[in-house]
Amino acid sequence: MLAELRSRLLAESCEEHLLRLFDRIEKSKLNGFTTLARESALEEARQFDKNPGKGLLAGVPIAIKECISTKGIETNCSSRILRGYIPPYDAHVIERLKAEGAIVMGKTNMDEFAMGSSTETSSFGPTRNPWDKDCVPGGSSGGSAAVVAGGEAPCALGSDTGGSVRCPASFCGIVGLKPTYGLVSRYGLVAYANSLEQIGPLTHTVEDTALLMEVISGHDSRDSTSAEGERHSYLPGLKDGVAGLKIGIPKEYFGEGVNKDVEKAVWDSIHTMESLGATWQEVSLPHTRYALAAYYVIAMSEASSNLARFDGLRYGLRVGEDKDWHTTFSAIRAQGFGPEVKRRIILGTYALSAGYYGRYYLKALKVRTLIKDDFLRAFKDVDILASPTMPIPAFRIGERINDPLSLYMADVFTVPINLAGVPAISVPCGFSGRLPIGLQLMGPHFGEATVLRAAEAFEAVTPFHEAKPEVI
Amino acid sequence: MEDVIIGLEIHVQLNRLKSKMFCGCSTAYHNSPPNSHTCPVCLGLPGSLPVINKRAVEYGIKVGLALNCKIEEETFFYRKNYYYPDLPKGFQISQYDYPLATNGHIMILGDDGAERNIRINRAHMEEDPGRLVHAGTIDKAKYTMVDYNRCGMPLLEVVTEPDLTSPREARAFLDKLKSILEYLDVFDGSLEGSMRVDANISLKGGDRTEVKNISGFKGVEKALSYEITRQKNLKRRNILVVQETRHFDEIRNITVSIRSKVGAHDYRYFPEADLAVLRIASWVPAIKATLPELPDVKRERFVAQYGLADDHAKSLTSEIKLANFYETVAKTASPKLAAVWIADVLKGELNYRDLTIESFKEEHMIDIVQMLEKCQITEDGAVQIIRTLLDKKGDSTSEIVKSLGLGKAEDDAVQKAVREALAESAAAVADYRAGSERALNFIVGLVMKKTRGKADAAEVHRLVKAEVDRT
């Protein structure tokens with residue numbers, strides 16, 4: 001899709017294309033964008049129209065999740081506490097996008113500080129699912145997924161801490177990839193749970209995701225967890241097919257709690273790939289049932305520390321009259337954070353406290369190692385794993401927001417991937433009524449090329465990615 | 001005397017490094033406008049990430065080795081979580097388990113006059129927070145400003161075991177530590193805030209208090225003395241010492257309570273996942289090879305090589321710059337004479353003026369020692385030359401000798417003065433012959449007066465005695 005868009009932009013006018021998108025966004029009821037970078041985007045479009053340049057993404061508009069630092073464009077993580085914060089620097093991925101000629105359109109809504117899977121915890125109010133305005137778009141990168149699915153941006157970046165790219169991709173019927181931990185620099189990604197998260201693309205097609213990965217992946221000396229080595233290329237070999245590919249079906253990812261339509265769509269997908277020459281076998285990831293508990297302990301613990309810097313002293317929200325230090329920053333945090341963020345900070349603080357550290361955090365790290373070992377073992381026998389991305393299709397706005405546990409449970413198939421640090425993609429694989437279903441394909445560390453190749457082969461013989469919602 | 005137990009935590013800025021601990025900002029922020037040496041990383045802006053300054057870790061290992069520590073196989077960083085305005089991330093990147101260096105020791109001169117071994121518990125790396133500037137004193141300030149220039153400076157925290165028994169020993173330890181750090185060329189003690197001390201202190205059997213963030217060695221001695229007196233007074237009145245954190249008020253020379261144990265922080269240490277584990281064991285051999293000769297070894301060598309008295313050798317090796325100064329002088333002038341004049345005279349004159357050895361040129365010291373060797377000047381004259389040079393009232397030893405008339409009087413002039421003095425001192429001569437050795441001093445004094453002090457008093461004494469004995 002992006003390839004076609006680029007030739008269209010060259011033939012027509014990038015400025016006019018962008019004006020049409022901004023017009024559409026203004027009329028939109030999705031609430032996907034939070035901040036629009038209209039002026040700078042149009043200026044860049046005019047530059048492109050004068051001199052298109054040769055970048056891989058020259059002239060391509062892109063939407064950026066609220067938690068990725070953009071120089072001169074407010075970056076507030078959809079939280080009150082960061083309202084008004086305009087970063088003085090670009091995240092590594094933004095530098096890379098700009099270097100390849102992409103045009104940042106604006107920032108997209110998310111669960112506050114990426115804490116959620118429905119985009120309902122945003123201080124900007126919920127984003128709506130383009131397929132059903134009463135449903136959530138998934139989260140936390142719900143804004144990014146909704147604007148792509150709703151035709152407001154051709155592609156977007158999100159971030160995935162426990163499923164935050166794949167869940168909304170699944171709910172909105174588009175492609176979303178969570179890369180191997182360390183493949184994409186996190187420099188400039190406002191941290192929620194820094195040992196788990198990666199920036200990833202949200203696009204209409206697998207090929208577009210591969211293209212964005214070519215641009216944003218690769219070593220960055222400013223991120224010490226960034227993998228060394230040469231830059232990977234994902235476009236060559238993308239269409240080499242799945243003949244001979246061994247697919248593992250983790251038995252723990254099916255059965256109880258999985259919606260019937262979802263289960264059927266995923267099995268149909270596996271059989272589709274089988275018909276293309278792949279083979280499948282059942283495998284076991286025995287520690288899956290401990291993944292949610294370990295994930296939430298680690299994520300909340302890290303969050304309690306990562307979010308400590310938001311004290312209102314240097315940037316962001318300031319409330320009332322300044323009093324002494326403790327009173328002032330406590331008041332700012334009390335008013336600046338929403339209830340889900342507070343819940344996670346409090347639980348994380350508790351888990352790291354003297355006397356509890358060993359019982360919770362350290363134990364969660366041990367479970368994490370076991371889960372990683374599960375994946376390493378499985379990938380000795382198979383090339384990729386296949387499962388539902390989400391056990392259910394998109395739910396209704398407000399349906400689960402007061403029941404955090406049921407919300408957390410929905411992450412059951414996405415969080416183990418972050419704990420293990422392996423890559424996983426969600427591709428559209430069917431519908432439950434009007435609502436899209438996502439197929440999750442997981443690969444070994446730095447196995448993006450295989451995952452993308454399998455997803456591409458599936459996409460090439462299925463119509464799901466071409467379906468478009470009747471946008472409200 | 002009640003038993004006093006003191007342990008120190010010393011925060012040393014590795015300020016000879018060019019860039020900060022986790023970012024590329026320059027460490028040369030002194031005399032810069034506030035908040036001008038900052039970047040997204042040291043300001044902890046959302047999304048920024050730390051990157052370890054490898055050179056800083058190498059410096060840390062160097063210090064660890066010099067403090068006779070064991071260097072861990074691998075080391076990593078932790079987050080120390082607490083809220084404070086000078087801490088822009090809400091946590092400090094520090095170390096906890098597996099610090100860089102553990103179980104070391106250094107020798108100091110104890111209060112009993114004997115060398116004592118002070119054990120080092122650990123040395124770990126961390127980032128310096130910013131600096132708070134209070135409008136007034138800490139407990140009365142109306143507002144406070146923050147300067148983040150210092151934020152992210154590489155710090156090495158050296159923690160001793162509670163082996164020190166007096167404020168003076170604490171001072172001796174700090175002097176020795178500073179000396180070693182400067183020998184290693186990792187530290188410049190002349191910069192403000194380069195070394196800050198937390199002192200734990202208790203009387204035997206009692207609870208301890210911690211006096212935080214004392215800058216200056218004199219401050220440490222004063223704070224500890226005050227705290228000992230305070231704790232003793234409490235004990236005398238049968239009041240228990242409360243375990244708490246106290247602040248040393250440099251202006252009033254007292255310590256004040258800032259935090260009781262009840263309000264003690266739970267720092268919620270946990271590993272910093274943004275930084276990789278460092279396998280440092282393999283770095284050690286190369287770093288070891290760069291270690292210079294350290295004070296204790298140099299001191300022994302000075303005794304052996306130059307035939308110096310041990311106290312002179314100790315004094316000369318207390319500072320690397322002084323030791324180097326001495327060795328330059330001793331290359332061309334008498335090593336023994338040079339040691340006496342540098343350790344006993346020059347050092348005193350420098351201290352009196354609050355100057356460092358850089359204020360004096362090696363060539364000048366060589367001239368002075370050589371003139372003394374050749375008896376061209378008197379000892380008093382040498383002292384005068386040193387003072388004149390230090391007070392910047394002259395820059396050439398020979399010219400100072402000329403202008404102040406410090407050249408030793410010619411021998412015949414002295415002889416003449418001796419003869420005249422003897423002729424004028426019949427009574428004193430008689431007294432001497434009657435057995436009063438002291439009577440000669442009167443005659444010597446007369447000679448000195450006649451030569452306007454240019455003669456060497458000891459030489460005059462010898463001449464007078466010989467003349468009287470002969471006649």
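**Two chains of a predicted model: contacts, packing and shape**

Visitor: How many residues of chain A are in contact with how many residues of chain B?
Guide: The model is predicted, so local features need pLDDT of at least 70 and side-chain atom pairs count only at pLDDT 80 or more, while totals for chains, interfaces and linings use all residues. Residues are numbered from 1 along each chain as its sequence is written, and chains are lettered from A and ligands numbered from 1 in the order in which they are written. Two residues are in contact if their C-beta atoms, placed from the backbone, lie within 7 Å. By that test, the residues of chain A in contact number 33, and those of chain B number 24.

Visitor: Which helices of chain A each supply at least two residues of the side that touches chain B?
Guide: Helices (H or I, at least four residues) and strands (E, at least two) are DSSP runs, numbered from the N terminus. The helices in question are α9 (291-306), α10 (325-336) and α11 (339-352) of chain A.

Visitor: How do the residues on that side of chain A divide into nonpolar, polar and charged?
Guide: Ala, Val, Leu, Ile, Met, Phe, Trp, Tyr, Cys and Pro count as nonpolar, Asp, Glu, Lys and Arg as charged, and the others, Gly among them, as polar. On the side of chain A that touches chain B, this gives 15 nonpolar, 12 polar and six charged.

Visitor: What is the relative orientation of α9(B) and α10(B)?
Guide: Axes are lines fitted to C-alpha atoms, for helices over the stretch in contact, and angles run from 0 to 180 degrees between N-to-C directions. Helix α9 (residues 362-373) of chain B packs on helix α10 (residues 379-390) of chain B at about 165°, with the axes 10 Å apart. Angles under 35 degrees count as roughly parallel, over 145 as roughly antiparallel, 65 to 115 as roughly perpendicular and the rest as oblique. The pair α9(B) and α10(B) is therefore roughly antiparallel.

Visitor: What is the orientation of α7(B) to α9(B)?
Guide: Helix α7 (residues 320-332) of chain B has its axis 9 Å from that of α9(B), at an angle of about 45°. Because of this angle, α7(B) and α9(B) are oblique.

Visitor: Is Arg453(A) buried or exposed?
Guide: Arg453(A) lies in helix α15 (residues 448-460) of chain A. Leaving aside neighbours within four places in sequence, Arg453(A) is in contact with Gly237(A), Leu238(A) and Asp240(A). A residue is buried if 20 or more other C-beta atoms lie within 10 Å of its own, exposed if 12 or fewer, and partly exposed in between, with C-beta atoms placed from the backbone. Because 25 other C-beta atoms lie within 10 Å, Arg453(A) is buried.

Visitor: What is the radius of gyration of chain B?
Guide: Chain B has 15 helices and 16 strands, and the C-alpha trace spans about 95 × 55 × 45 Å along its principal axes. The radius of gyration is taken over C-alpha atoms, and the globule rule is 2.2 Å times the number of residues to the power 0.38. A compact globule of 471 residues would be near 23 Å, but chain B has 29 Å.
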